[in-house]
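Okay, thanks everyone for coming. I have one structure to walk you through today, so let's get it up on the screen.

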Amino acid sequence: MKKIIFVLLLILIAAVVGAAGCLNGGQDADADNSTNDTVELPPEPEPEKPAGPSSGADIITSFTSTVVAVNPLPEGFTHIATRTVLSHGQGIGIQDALNGYRNMLTYDNSNVYLSVYRCVPPNTADKQIQVMIASHQDKYGNDSKVTTVTINGHDAVLLETTVMDTPQEGRYILVWSNWSGDEYENSYLVVVNGQVNYSVIQMLAQASNL
């Protein structure tokens with residue numbers, strides 16, 4: 001009888017120990033699972049890109065000679081040369097010596113130019129446009145005409161003169177600013193002019209996609 005009771009006690013102790021082991025094992029498994037679980041963070045939003053002069057125009061982000069490259073050229077244009085220039089020597093009404101690139105082309109044996117000048121804050125491209133307007137009106141008086149036109153979805157200023165003799169810089173100067181809109185960043189003055197009709201200047205300006 002004592003042997004039977006002893007055996008039953010051993011069986012009972014073994015059962016209790018086994019149950020405790022299962023409980024601990026489950027807790028350890030839960031602990032391991034909680035340790036291995038990874039929490040996925042939501043992706044960080046991409047920084048907003050600055051708004052350009054329009055949705056249809058390219059923002060100038062790298063100031064190299066490629067800013068005045070036009071590819072493909074519209075029919076009738078021939079590329080002659082691309083050079084570095086200073087704005088005050090181009091007859092466009094700017095006294096400041098802005099660094100720029102000028103693309104010289106011909107159309108029907110007449111010269112036409114696409115130029116881009118870098119403007120450093122606080123002397124922005126928009127301020128230079130106002131200087132050009134004032135200079136144009138002072139130079140030609142009643143023979144000057146200033147209008148706003150649309151190029152590649154954004155506003156541009158057309159400076160026109162009605163004098164009898166065609167000026168050296170051409171009868172039409174089309175100008176606009178290209179920049180992100182941040183007053184602390186460089187802005188760019190885009191100028192198209194030449195000894196050609198306005199339709200040719202407009203064609204080149206649109207092909208520039210600036």
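Residues are numbered from 1 along each chain as its sequence is written. Keep in mind that this is a predicted model, where local features need pLDDT of at least 70, side-chain atom pairs count only at pLDDT 80 or more, totals for chains, interfaces and linings use all residues, and side-chain values use heavy atoms, with hydrogens and water left out.

So how confident is the predictor? pLDDT is its confidence in each residue, from 0 to 100, and the protein averages 82, with 74% of the residues scoring at least 70. Residues 19-36 sit below 50, and that stretch has zero contacts in the model beyond near neighbours in sequence; contact here means heavy atoms within 4.5 Å. Residues 45-55 are also below 50, but that stretch has 16 contacts beyond near neighbours in sequence. Where pLDDT is low, the predicted coordinates should not be read in detail.

On a 1 Å grid over the protein atoms alone, a pocket is an open set of points where a 1.4 Å probe fits, with protein on both sides within 12 Å along at least five of seven lines, and lining residues have an atom within 4 Å of a point. The largest pocket has a volume of about 190 Å³, volume being the space filled by probe spheres set on the points, which are joined across faces, edges and corners. Which strands supply at least two residues each to its lining? Those are S3 (110-119) and S7 (187-194), and S3 gives the most, with three residues. Among the lining residues are Arg102, Tyr113, Gln168, Glu169 and Asn193. By type, the lining divides into four nonpolar, six polar and two charged residues.

Staying in S3, have a look at Leu114. Is it buried or exposed? Leu114 has 0% relative accessibility, so it's buried; the cut-offs are under 20% relative accessible area for buried, over 50% for exposed, and partly exposed in between, with a 1.4 Å probe and protein chains only. Leaving aside neighbours within four places in sequence, its contacts include Val68, Tyr101, Val191, Leu204 and Ser208.

Two of those belong to helix H3 (residues 198-208), where Tyr198, Val200, Ile201, Leu204, Ala205 and Ser208 are buried. They're on the same side of H3, because they cover an arc of only 160° around the axis, the arc being that of the directions from the helix axis to the C-beta atoms. Asn209 is partly exposed, at 26% relative accessible area.

At 79% relative accessibility, Asn109 counts as exposed. Then the cis peptide bonds: Asn71 to Pro72 has omega near 0°, and Pro121 to Pro122 has omega near 5°. Pro72 lies in the loop between helix H1 (2-36) and strand S1 (77-86), while Pro122 is in the loop between S3 and helix H2 (125-140).

Technical notes:
Helices (H or I, at least four residues) and strands (E, at least two) are DSSP runs, numbered from the N terminus. Ala, Val, Leu, Ile, Met, Phe, Trp, Tyr, Cys and Pro count as nonpolar, Asp, Glu, Lys and Arg as charged, and the others, Gly among them, as polar. pLDDT is the predictor's confidence in each residue, from 0 to 100.
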